[in-house]
Amino acid sequence: MKLYLLTVLSIFVYVALPLSTPPVSGAEAKTPKVLLIGIDGVRPDALIVADTPNINQLIASGTFDPTCQILGDRYRENNTVSGASWSSVLTGTWADKHGVHDNSFEGRNYGEYPHFFEYIKAAKPEAKTVSLVSVWRPIDRYIVSAADIRDYVPLAGVRTTNLNIPADEVREDTRDGEWHHLLGLRRGGKVHLFLNGEPVAETYDTAGDFDLKGEVYHIGRDARGDRLGLKGDIRGVGIWNRALSESEIRTVAGGGAAAAPVLFQEGTPAQKETPLDGSLRGLTRGDFTVSAFFRTTDTGRNILMGNYGDAPGGHLNLELHTDNRVRLYVNPTDEEQADRMVREEQSDGTVADKAVDVLESTDPTALWVYLHQPDAGGHRYGFSPKVPEYMQAIENVDRHVGRMVEAIRSRPGYDEEDWLIVMTTDHGGYGTRHGGGHDIPEILTGFLLVSGDAAHHRISPEQTFIVDAVPTVLKHLGIEPDPGLDGRPVGFRD
Ligand SMILES: [Zn+2]
C-alpha cells in the first residue's frame, strides 16, 4: 500500500502543474455555491499523467489529494464497488451507516443518512439543488434525493432490451406440464411480457427499430439448434407486426384468434423454420407481438421461438429461461462492443450539456454531476495509465469539466459568487476489475480535489477519504456538518 501511494505522490510532484498562490482574501460577502463532480473509476496515477488541462487548472487552484482512500480506518467491510462508494461520497458516511455494501443497494439506510442535498434543504430551504447522472442509473434511482432539478441520461444509442423475469415475479409455475401462454410485445417504446393473458413485466425499449437477421425464423428453438430448444410441446404460435390490444391478448391467451398475423401456426409446429423475408424480416421495425402456447416440465432454458445465434445482431427471442424465468430478448446489434466508448462519451457529453444549461439559465446553490466513462473504459480495456482507451476516457471527461468551469466563470453574477468545485471518484481499478479490492492499493486509492478561492492551493498535507467530500461542501455553504457524518471538511484556508 505505502509504495503505491508514494509512487502516486511522486508522479504528481514531478508531472503536475505548480500550484498557484491563492488570491488575497477579500472576505466580502459573496454567495457560496458548490459543484460536486463525481467521475467513476479514476485512478489518480492515470489522472496525473493524462492530458487534462482543465482538471490541472482546478488542481493548481485547490487542495489535491492523489491518495484519497475509498474505505475508512473505522469501517471497511463493504465491497469496493460503485453502489457502496458513491453512497459513502454522497452521504459523508461509511457503509455501516448508509447501509449499502454492494451494487444491490439492499440494506440502504438513506432515511437516516441521506444524500447531502437533504442537509442543504434543511438548513436553507430556498437553496436550489441539481443532480445530473450519466449512464449508471442506480445513483439517480436510489441515492439522490431533495433535488430541485434532476436528470438521468442513459447510455446513448441502441442496445439490447432483455426482459428476463424471475419465477417469483411470474407467480405461476410455468413448468408444471400444463399448457401456458406466453406473449411478448413492443408498444410505443416499451416492451411487455404477458403470461396467460396477464401482464407480468414491462420495461423501456432500448433496441429501437431494426431488421431481423439470418435466413430463417425458428419455432421451438433458435438458430443455435436443439440444444437450448423447447423440451416439450408448442402450439398456437402467433406473430404480428403490431402490438395486440389488452383485449386481443386475452382473446389469444384464451385460444381465440387476433386479426392479421404475419405468421400463425395452430398445430404443433415444433422445430419449424419459416423463411425470414417480407414482413417477418421487418417485424422489429416498429411495434410487434410474439406469442405461443407451451407445455414442459423442464426448468432450464427452453426457447419458444427466435433467431438468436445466426448472424451478428438483429435478433428477437421469446424464451423460457433458466430457473423458471420467462424472457423477451430484443437484440439489435452484436453487443455493440466496438462503439461502446463512443456512446459513453455521448452520454457524458449530454450530462455536461445539461450542467452548462443549468449554470447559464438558473441560479443553483449546489450541483452534483456524475460522469461515467472512465469506469467503462477500465472494465473493457483495463484500469491503467498504460491503457490508451482508459486515458482517452479521462481526457474526454476533462473536456466536459472544462466546459462546466467555463459556464461557471461566465455567469453574469460570477464576481459576487464564491464557487467551490469538489471532485472525487469511487474507486480505482486493477486489470479490468475493482470489486473485492480490500488489499489492492490501485483499487482503494482515488483522489479528492477541493478547488476555489476558499481552498488552500497545495497538495493535501493530510490523508483524505471519500466521505470528506460532503462535509467540505456543507461547510462551504455555511452549514455545520451533522455530527453523525464520518468525514470532515478538508482543504479550506481557514
Ligand atoms: Zn464505480
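This is a predicted model: local features need pLDDT of at least 70, side-chain atom pairs count only at pLDDT 80 or more; totals for chains, interfaces and linings use all residues.
1. **Overall build.** Let us start with the whole chain. It holds 15 helices and 20 strands, and its C-alpha trace spans about 85 × 45 × 40 Å along the principal axes. Of the 494 residues in the chain, 57% are buried. If you look at contacts with a separation of 6 or more, 73% of them come from residues 24 or more positions apart.

2. **Two domains.** Which stretches of the chain make up the domains? Domain 1 is built from residues 2–157 + 337–476, and domain 2 covers 161–331. The C-alpha centres of domain 1 and domain 2 lie 43 Å apart. When you trace domain 1 in the viewer, remember to pick up both of its stretches, 2–157 and 337–476.

3. **The zinc site.** Now to the metal. Which residues coordinate the zinc ion? Asp-40 (OD), Ser-82 (OG), Asp-426 (OD) and His-427 (NE2) do so, at 1.8 to 2.1 Å. The arrangement is tetrahedral because the 4 donor atoms subtend angles of 90 to 130° around the zinc ion. For orientation, the ideal angle for four tetrahedral donors at a metal is 109.5 degrees.

4. The donors of the zinc ion follow the spacing D-x41-S-x343-D-H. Asp-40 and His-427 link distant parts of the chain, as 387 residues separate them. Asp-40 sits in the loop between β1 (31–39) and α2 (44–49), while His-427 sits in the loop between β18 (417–424) and α14 (441–444).

5. How many salt bridges does a search of the whole structure find? The search gives 26. One of them joins Asp-45 to Arg-43, with the closest N and O atoms 2.7 Å apart. Both Asp-45 and Arg-43 are buried.

6. **A bridge from helix to strand.** Asp-140 and Arg-150 meet through their side chains in a salt bridge of 3.0 Å, N to O. Asp-140 belongs to helix α7 (residues 137–143) and Arg-150 to strand β4 (residues 149–153), so this pair ties together parts that are 10 residues apart in sequence. Asp-140 counts as buried because its relative accessibility is 13%, under the 20% cut-off. Arg-150, at 39% relative accessibility, counts as partly exposed.

7. Another salt bridge brings together the side chains of Arg-403 and Asp-353 (2.2 Å, N to O). Arg-403 lies in helix α13 (residues 388–409) and Asp-353 in helix α11 (residues 340–361), so the parts tied together here are 50 residues apart in sequence. Arg-403 is partly exposed, with a relative accessible area of 30%, and Asp-353 counts as partly exposed at 41% relative accessibility.

8. **Two positive phi values.** Most residues other than glycine have a negative phi. Phe-105 has a positive value, with phi near 65°. Phe-105 is placed in the loop between α5 (95–98) and α6 (117–123), and with 0% relative accessibility it counts as buried. Asn-196 also has a positive phi, near 50°. Asn-196 is found in the loop between β7 (190–195) and β8 (198–204), where it counts as partly exposed at 27% relative accessibility.

9. **A closer look at Asn-302.** This residue is found in strand β14 (residues 302–306). Asn-302 counts as buried because its relative accessibility is 0%. The side chain of Asn-302 makes a polar contact with the side chain of Asp-298, at 3.0 Å. What else does Asn-302 touch, leaving aside neighbours within four places in sequence? Asn-302 is in contact with Arg-175, Leu-228, Gly-229, Leu-230, Lys-231, Thr-296, Glu-319 and Leu-320.

Terms used:
Residues are numbered from 1 along each chain as its sequence is written. Side-chain values use heavy atoms; hydrogens and water are left out. Donors are N, O and S atoms within 2.8 Å of the metal (3.2 Å for Na, K and Ca); water is not among the atoms, so sites may look incomplete. Four donors count as tetrahedral if all angles lie between 85 and 135 degrees; four count as square planar and six as octahedral if opposite donors are over 155 degrees apart and all others between 65 and 115; anything else is irregular. Helices (H or I, at least four residues) and strands (E, at least two) are DSSP runs, numbered from the N terminus. Buried means under 20% relative accessible area, exposed over 50%, partly exposed in between (1.4 Å probe, protein chains only). A salt bridge is a side-chain nitrogen of Lys or Arg within 4 Å of a carboxyl oxygen of Asp or Glu. Domain bounds come from an automatic or database domain assignment. A polar contact is a pair of N or O atoms within 3.5 Å; within protein, one must be able to donate a hydrogen and the other to accept it, and residues adjacent in sequence count only if both atoms are side-chain atoms. Contact means heavy atoms within 4.5 Å.
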